[in-house]
Amino acid sequence: MSEQNNNFKETVKDLFNKGNRNRFTVMRKGESILSTSVTIFILVLILFCPATLIAMLIGLFCGCKYKFSGADIPEENQLNRMFDQLSSLYENPADDSENK
C-alpha cells in the first residue's frame with residue numbers, strides 16, 4: 001500500500017512540475033497580454049469553469065489567441081492548432097458573412 005502511495009505522490013509531483021515548467025499564453029495583436037503556468041490555468045479552469053470558458057470565448061471575439069508552450073510541449077501540437085482554427089473562425093466574422 002505504501003508503494004502505491006509513493007507512486008501516486010511521485011506522479012502528482014511530476015504533474016505539478018510539468019505544469020509549472022509550461023505556460024498558457026493569451027495574445028492579442030501579436031503581443032502577450034497574459035502568461036501563466038499551466039498548473040494555474042487548470043486550477044482556474046476547474047474552479048471557475050463556466051466563467052473561464054465564457055471569458056475565453058469573449059476573448060476570441062475580441063481578437064485574442066491562446067497558446068500552450070514550454071519545455072514539455074512541442075511547438076506544433078493539436079491543442080495549439082485547435083486554438084488557431086478557432087481564432088481564425090472568429091477573427092473577422094462580418095467579413096465571412098459578406099463573402100457568402
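# Briefing on helices, sheet and aromatic rings

Phe61 lies in helix H3, and in this predicted model the residue counts as partly exposed, because its relative accessibility is 48%. Along the chain Phe61 is 20 residues from Phe41, and the C-alpha atoms of these two residues are separated by 20 Å.

- Three strands form an open sheet in the order S2-S1-S3, and their pairing is antiparallel; strand S2 (31-37) and strand S3 (64-70) are the edge strands, each of which pairs on one side only.
- From one strand to the next, the twist of this sheet averages 25°.
- Strands of a sheet pair through backbone hydrogen bonds, in either a parallel or an antiparallel sense.
- Strand S1 (residues 22-28) pairs with S3 over seven bridges in the antiparallel sense, and within this pairing Thr25 has Lys67 of S3 as its bridge partner.
- S1 and S2 also run antiparallel and are joined by six bridges, with Met27 standing opposite Ser32 in S2.
- The hairpin of S1 and S2 has two residues between the strands, and in this hairpin Lys29 takes a positive phi near 55°.

**Helices on the sheet**

- Which strands does helix H1 touch as it packs on the sheet? Helix H1 (residues 2-21) touches S1, S2 and S3, and its direction makes about 30° with that of S1.
- Helix H4 (residues 78-91) likewise packs on the sheet, where it touches S1 and S3, and the direction of H4 makes about 170° with that of S3.

**The contact of H2 with H3**

- Helix H2 (residues 38-47) and helix H3 (residues 49-61) have axes that come within 5 Å and cross at roughly 115°, and the two helices are therefore roughly perpendicular to each other.
- On the H2 side the contact is made by Phe41, Val44, Leu45, Ile46 and Leu47, while H3 contributes Cys49, Thr52, Leu53 and Met56.
- By residue class, this contact of H2 with H3 divides into eight nonpolar residues, one polar residue and no charged residues.

**Aromatic pairs**

- The structure holds seven aromatic pairs, and one of them is the stacked pair of Phe24 and Tyr66, whose rings lie 5.9 Å apart centre to centre with 10° between the planes.
- This pair links distant parts of the chain, since Phe24 is in strand S1 and Tyr66 is in strand S3, 42 residues apart; Phe24 and Tyr66 are both buried.
- Phe24 also pairs with Phe68, and here the ring centres are 5.0 Å apart and the planes stand at 55°, so the pair is tilted.
- Which residues do ring pairs link into a cluster? The cluster consists of Phe24, Phe41, Tyr66, Phe68 and Phe83; of these, Phe41 also takes part in the contact of H2 with H3.

Key:
Residues numbered from 1 in each chain as written. Predicted model: local features only at pLDDT ≥ 70, side-chain atom pairs only at ≥ 80, totals over all residues. Heavy atoms only, no water. Axes fitted to C-alpha atoms, helices over the stretch in contact; angles between N-to-C directions. Helix = DSSP H or I, 4+ residues; strand = E, 2+ residues; numbered from the N terminus. Parallel < 35°, antiparallel > 145°, perpendicular 65-115°, else oblique. Contact = heavy atoms within 4.5 Å. Nonpolar A, V, L, I, M, F, W, Y, C, P; charged D, E, K, R; others polar. Pairing = 2+ DSSP bridges. Phe/Tyr/Trp six-rings, centres within 6.5 Å; stacked < 30°, edge-to-face > 60°. Buried < 20%, exposed > 50% of the residue type's maximum accessible area, 1.4 Å probe, protein only.
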